[in-house]
Amino acid sequence: MVNLDKSEVSFSQNVREEDKGMIRSMMGVKTVANHSRYLGLPMIFGRSKKEIFSLVVERVWKKIKGWKEQFLFRAGKEVLIKAVAQAIPTYVMSCYKLPKAVCKEIESMLAKFWWGSKNGERKVHWLSWEKLSKSKSIGAMGFRGISEFNKSLLGK
């Protein structure tokens, strides 16, 4: 069943007003001039791509912020970063190429969470995110580089 409360319809400019009214009355759905989002993705892009994809950054930040990092060991942080935080932007990255600034911002948030902080004071980042992103077989953590992962998803 289609939930008519959650459904919207938009018409092209070629459809006459009386046809629109007839369809609205038959279907019982609301009409909109244009859709801003479809399946959680932006439909129309403006000048600032960073602003459009800030939704992805906010979702990652909310997830990281909710975890109590002082109570997690390294293994717990690793699982949360790999399984949750790096999975949030996957759908968007499979459709669009994220700007480098957005990728860097997400990686920066993940690095801050990994190295931790106490009372708002950042701890020392002993290794760069690029080195942490290398394979476990060479001694790194095996985190995904966001921009590289984005490229691989778009290549599929």
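The chain contains 8 helices and 6 strands. The model is a predicted one. Read from the N terminus, the order of the elements is β-α-β-β-β-α-α-α-α-α-β-β-α-α.

**The chain as a whole**

- The chain has 156 residues, and 30% of them are buried.
- Of the contacts with a separation of 6 or more, 58% are between residues 24 or more positions apart.

**Helix H8 and its buried face**

- Helix H8 spans residues 146–155, and its buried residues are Ile146, Ser147, Phe149, Asn150 and Leu153.
- Viewed down the axis of H8, these buried residues lie within an arc of 160°, so they line one face of the helix.
- Helix H5 (90–95) and helix H6 (100–115) are among the parts that cover the buried residues of H8.

**Asn150, a residue of H8**

- Asn150 is located in helix H8.
- The relative accessible area of Asn150 is 0%, which is under the 20% cut-off, so this residue counts as buried.
- A polar atom of the Asn150 side chain lies 2.8 Å from the backbone oxygen of Met93.
- Setting aside residues up to four places away in sequence, Asn150 touches Met93, Tyr96, Lys97 and Leu98.

**Helices H3 and H6**

- Helix H3 covers residues 54–66, and its axis comes within 10 Å of the axis of H6.
- The two axes cross at roughly 5°, and angles under 35 degrees count as roughly parallel, which means that H3 is roughly parallel to H6.
- On the H3 side, the residues that meet H6 are Val56, Val57, Val60, Trp61 and Ile64.
- On the H6 side, the residues that meet H3 are Val102, Glu105, Ile106, Met109, Leu110 and Phe113.

**Val84, a residue of H4**

- Val84 belongs to helix H4, which runs over residues 74–85.
- With a relative accessible area of 26%, Val84 is partly exposed.
- Val84 and Lys63 are 21 residues apart along the chain, and their C-alpha atoms are separated by 8.2 Å.
- Apart from its neighbours within four places in sequence, Val84 is in contact with Lys63, Trp67 and Val79.

Technical notes: Residues numbered from 1 in each chain as written. Predicted model: local features only at pLDDT ≥ 70, side-chain atom pairs only at ≥ 80, totals over all residues. Heavy atoms only, no water. Helix = DSSP H or I, 4+ residues; strand = E, 2+ residues; numbered from the N terminus. Buried < 20%, exposed > 50% of the residue type's maximum accessible area, 1.4 Å probe, protein only. Contact = heavy atoms within 4.5 Å. Arc of directions from axis to C-beta. Polar contact = N/O pair within 3.5 Å; in protein donor to acceptor, adjacent residues only side chain to side chain. Axes fitted to C-alpha atoms, helices over the stretch in contact; angles between N-to-C directions. Parallel < 35°, antiparallel > 145°, perpendicular 65-115°, else oblique.
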